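Please read them alongside the sequence and the model.

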Amino acid sequence: MGLLSHRVERSEIAAGDHIYTWRTVFTYSHHGIYVGGSKVVHFTREQNIVSGDTILFSVPPKLSSVSSTNVSSTCTNILDCGFQHKESGVVLSCLDCFLGDGLLYRFDYGASPSVFLTKLRGGTCTTAQSDPPEAVIHRAMYLLQNGFGNYDVFKNNCEDFALYCKTGLLVLDQGALGRSGQAASVINAPLAAIASSPLKLFMSSPAGLVLATAGMYCLTRYVSDIGVRSDVTKVKVEELTSFHNCKSLKKPINEDHCDTREVTLNQTDTPAKKRRRCD
């Protein structure tokens, strides 16, 4: 288990795994759910698939020629590579097209706090527990047919999609940062530097300031993790539309429409946790 990520061979992954690959010399990573048969379901910015903009919105390079109506005209690995519904960013592709020229990595679930804090980059693990593979695949395939809303690089990106498929957890606060550890790293790094800058008045060693900044960065990443946050709730994939409608109401989400109780999804929330659910 490396500090940067978790590289694996193709023979080591199983259906229901959350996989990812790094782009542009580890600048950012693209995430998806491996559903078996060398197929991956992942979330992209639909309009950028047509334009070929692969840098800002996590579109795999080999999918830049994919039509927004059906399947890729270039890949011959599997017949339905590139399949997606019109105006939906959720796409099915073969493993080769998903990876592009990158290597294969597996996202880690149920990481201990100590392991989580040693990671130099966000977007490689979470303290949250994964649901069983059958529940993960069900969510991914359902969202392939029904979509996952509008893509947002900070609130609803490819990592958010994979995290939801694995855990069923969504953020209650519409204005809050999403579940993505990658997005949290981008935001928390400069915040940690700003927060630690007053400490230079009390530290004579530059190394001490660097360590203090690194400590604040790791701490802010940890409290942003979906396994730690209190503003997340378990939502059935079939109820995503009503959940988002509930979030768009002007009044607080916990009034009239949501209650606090133990929620399970076919016994997939293990161990069972009390989280708020939107009805």
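**Note on the sheet and its helices**

1. Helix 5 lies across strand 1 (18-23), strand 2, strand 3 and strand 4, and runs at about 35° to strand 2. Lying across is a matter of contact, meaning heavy atoms within 4.5 Å. Axes are lines fitted to C-alpha atoms, for helices over the stretch in contact, and angles run from 0 to 180 degrees between N-to-C directions. Helices (H or I, at least four residues) and strands (E, at least two) are DSSP runs, numbered from the N terminus.

2. The model is predicted: local features need pLDDT of at least 70, side-chain atom pairs count only at pLDDT 80 or more, and totals for chains, interfaces and linings use all residues. Residues are numbered from 1 along each chain as its sequence is written, and side-chain values use heavy atoms, with hydrogens and water left out.

3. Helix 4 lies across strand 2, strand 3 and strand 4, at about 105° to strand 2. Helix 4 (residues 133-146) also packs against helix 5 (residues 158-167), at an angle of about 135° and with the axes 7 Å apart. The two helices, helix 4 and helix 5, are therefore oblique to each other; angles under 35 degrees count as roughly parallel, over 145 as roughly antiparallel, 65 to 115 as roughly perpendicular and the rest as oblique. Helix 4 contributes Ala 135, Val 136, Arg 139, Ala 140 and Leu 143 to the contact, and helix 5 contributes Phe 161, Tyr 164, Cys 165, Lys 166 and Thr 167.

4. The five strands form an open sheet with the order 4-3-2-1-5 and antiparallel pairing; two strands pair if DSSP finds at least two bridges between them. Strand 4 (90-94) and strand 5 (105-106) stand at the edges, each with a single partner strand, so one side of each lacks a neighbour in the sheet.

5. Strand 2 (residues 28-36) and strand 3 (residues 39-43) run antiparallel and are joined by four bridges. Tyr 34 stands opposite Val 40 in strand 3. Five bridges pair strand 3 with strand 4 in the antiparallel sense, and Val 41 stands opposite Leu 92 in strand 4.

6. Is strand 4 covered on both faces or on one? Both faces are covered: Val 90, Leu 92 and Cys 94 on one side, and Val 91 and Ser 93 on the other, are all buried. Buried means under 20% relative accessible area, exposed over 50%, and partly exposed in between (1.4 Å probe, protein chains only).

7. Ser 38, in the loop between strand 2 and strand 3, has a positive phi near 60° and is partly exposed, with a relative accessible area of 39%.
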